[in-house]
Amino acid sequence: MHHPRRGSAVVRLVEACRPLTARVVADPEPSGPPSPLRTAKVAWADIAPGATHHLVLQDDVTPCPDFARQLTAAVAERPDDALALYTNWNSPHNSYLVRCAAVAGQSWAPLGHHEWVPTLGLVLPADAARRLAAYLAAFPDDLRDDDELVVRFCAQEGRPVTATVPHLLEHGSGPSVAGNGAHGPRHATVPAGASPPPPSHWRRPGPRTFPPRTGAPHEAYAVELRDSRCSFRLLRPEAGEPLEHPFGWDWADWAQLVGVDPARVRRDLAGLERGEPLRGPVLAETAAAAWLLGYDVARTDWPAPPGPVRTGDRSEALKSWIRSGLAPDDRMALDPQASRALAREAEKALDLGLRAGSSAAGIRSSAGTGTSPRTGDSTDAEDFDDTESRARSTRSHRAGHTVPPAVRDAVADLAVREAAVLANPALAAPRTQVLVRPCPACGTRPDESVLRSLRSRHTANGALTYRPVGRETPDPDLAVERAPVGGRSAVLELLACERPTTRGLTALAHGAGDHPPTLYRTRGAALLRLRQSDRAPSPDDLPELAAREADWWDSAAWTRARGTGILPVSCTAADSRPGPSSFVACPAADSPMWRQLADLYRTVRLDTVERKL
């Protein structure tokens with residue numbers, strides 16, 4: 001598939017395919033709107049007479065050395081599959097499946113039908129290619145994306161989609177002519193590089209579908225490293241949640257959803273090197289992702305690799321994860337030496353996760369226990385009866401006799417409301433201006449380092465912008481004139497000591513009304529305003545906080561009074577060590593009672609979310 005704007009690059013691609021004969025299929029309307037589908041229709045129909053298989057390449061790929069022999073050997077082993085020669089290093093789910101296969105020492109990564117088929121280089125049996133060409137011809141060119149239609153075709157045919165490990169193609173670095181420039185750099189998840197495997201590598205069998213996991217309540221999930229933050233991506237098509245969204249479930253809060261004890265992760269990672277410049281979230285989040293990958297591989301029923309394992313594939317899988325998963329500012333701050341050190345620490349964390357997962361899988365196997373995916377409750381907050389959940393979790397914390405019942409009930413109410421919001425399908429966040437205020441309780445100010453962290457790691461795909469404000473700045477209501485205009489928008493007041501969670505930013509979308517902007521405060525900011533002083537927040541204020549939050553959030557959108565709502569989600573403390581979020585993240589809210597309330601909150605919240613997913 002060739003676009004004239006790519007010039008002579010296609011000549012080098014044709015040469016790299018020899019001794020296979022490659023034919024150039026030009027975009028039939030190169031001056032028209034970008035549409036890979038337009039050219040794909042022609043390319044999939046242009047099948048050589050007598051061919052058993054048909055390969056379609058896009059013209060911005062670079063084949064590995066000895067490409068023709070590698071390809072022929074791979075197709076001979078998987079003649080009936082839709083064979084992908086490339087996956088993008090940060091695709092929502094496929095890239096993680098490929099990394100799992102690489103760490104498990106496999107030659108093949110089953111991709112399934114839940115994400116678009118990577119069509120940068122795809123092989124189909126010739127008869128299937130003809131049927132695909134006819135299938136694509138029925139759709140208008142302005143649908144643009146051929147990969148979404150190819151996965152629908154493969155699903156209808158029941159055809160396995162499999163990626164080669166390593167990949168036989170690398171993506172070019174030039175500008176996109178298909179309108180994908182906003183996706184950032186695109187590279188292979190596990191590139192073969194200059195040393196592709198011997199042809200015998202492709203004669204190794206492997207699973208046709210992703211193997212089952214042991215002890216994973218949610219079978220369909222991926223570990224994600226994005227903007228220097230590690231989270232879980234739960235596949236929830238039945239809930240109407242889109243595949244590609246930036247609101248993963250933060251690992252330190254939600255590891256239990258995939259059968260992992262987050263405290264075990266923190267213990268294992270505590271001994272990793274923490275010298276400059278590897279301290280803070282860059283190392284902590286990267287190491288957590290690697291640990292969780294290793295744990296997942298170890299408890300997955302991968303077949304034992306028949307023959308030597310390419311350890312370089314595992315290293316490449318981690319390196320591409322780091323390069324694609326760090327926030328741009330974090331990536332640029334690492335010199336080559338620091339980048340190599342981070343990769344070494346990720347390898348150590350991966351090994352720790354592999355050992356922990358092997359141990360856990362062995363214990364479950366000997367005990368004869370098993371788990372299955374959970375389904376059930378509606379994701380609408382108003383349809384969920386939380387009485388039993390709240391009562392059970394509150395009773396389990398009766399040991400805290402010093403906590404007044406009204407405070408306990410308020411904490412449970414806050415936890416249930418957050419759980420209801422988070423379990424809703426993730427929607428695109430409205431354009432939101434975040435006013436970052438100094439915290440009068442702990443003294444944290446919105447200096448350049450605070451703003452850099454927020455702007456790098458907490459943007460929800462660019463929906464959030466941050467600006468510092470002083471304590472004397474008026475209420476957010478007066479910031480409306482500076483808020484984004486057109487479409488849904490919001491203004492959020494955030495304390496400089498708070499960091500939004502990845503999943504928590506979904507609340508911005510679920511609370512935003514049709515008449516912008518919607519005005520919010522975090523719970524920490526709202527709680528300090530209730531005190532109207534610089535003193536640390538007190539648990540005695542929680543009943544009033546819960547009541548005010550309920551008055552606004554639990555009412556129908558069209559009946560909400562003009563004013564500022566309280567964003568009903570937790571935050572993490574700025575630059576804190578890896579750990580769960582807190583419904584009041586200010587460091588000044590740290591006492592035995594606050595810690596007891598935080599434990600109660602997390603128990604109620606987790607119990608409620610588990611019931612709803």
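**View 1. Pairing of β11 with β12 in the predicted model.** Threonine 432 has leucine 464 of β12 as its bridge partner. The model shown here and in the other views is predicted. Five bridges link β12 to strand β11, which spans residues 431-437, and the pairing is parallel. Helix α15 (residues 448-457) packs on the sheet, where it touches β11, β12 and β13 (489-495). The direction of α15 makes about 175° with that of β12.

**View 2. The open sheet that holds β11 to β13, β15 and β16.** Five strands make up this open sheet in the order β12-β11-β13-β15-β16, and the pairing is parallel. At the edges are β12 (464-468) and β16 (564-566), each of which pairs on one side only. From one strand to the next, the twist averages 25°. Helix α18, residues 542-553, lies across β15 (518-521) and β16. Relative to β16, helix α18 runs at about 115°.

**View 3. Strand β13 and its two partners.** β11 and β13 are joined in the parallel sense over seven bridges. Leucine 435 stands opposite glutamate 493 of β13. β13 also runs parallel to β15, with four bridges between them. Here alanine 490 has threonine 518 in β15 as its bridge partner.

**View 4. Burial of the side chains along β13.** In a regular strand, side chains alternate between the two faces of the sheet. For β13, one side carries Ser489, Val491, Glu493 and Leu495, and the other carries Ala490, Leu492 and Leu494. Both faces are covered, and all of these residues are buried. The count for the strand is seven buried residues of seven.

**View 5. The mixed sheet of β1, β3, β4, β5 and β6.** This open sheet has five strands in the order β1-β5-β3-β6-β4, and their pairing is mixed. β1 (53-57) and β4 (108-110) are the edge strands; each has a single partner strand, so one side of each lacks a neighbour in the sheet. Direction ignored, neighbouring strands are turned by 25° against each other on average. Strand β3 (residues 82-84) and strand β6 (residues 161-164) run parallel and are joined by three bridges. Alanine 84 has alanine 163 in β6 as its bridge partner. Helix α5, residues 126-137, packs on the sheet and touches β1 and β5 (121-125). The direction of α5 makes about 110° with that of β5.

**View 6. Crossing of helices α4 and α9.** The axes of helix α4 (residues 94-103) and helix α9 (residues 281-298) come within 10 Å. They cross at roughly 70°, and α4 and α9 are therefore roughly perpendicular to each other. The crossing is right-handed. From α4, the residues at the contact are Tyr96, Arg99, Cys100 and Val103. They meet Leu292, Leu293, Asp296 and Val297 of α9.

Terms used: Residues numbered from 1 in each chain as written. Predicted model: local features only at pLDDT ≥ 70, side-chain atom pairs only at ≥ 80, totals over all residues. Heavy atoms only, no water. Pairing = 2+ DSSP bridges. Helix = DSSP H or I, 4+ residues; strand = E, 2+ residues; numbered from the N terminus. Axes fitted to C-alpha atoms, helices over the stretch in contact; angles between N-to-C directions. Contact = heavy atoms within 4.5 Å. Parallel < 35°, antiparallel > 145°, perpendicular 65-115°, else oblique. Left-handed = near helix turned anticlockwise from the far one by under 90°. Buried < 20%, exposed > 50% of the residue type's maximum accessible area, 1.4 Å probe, protein only.
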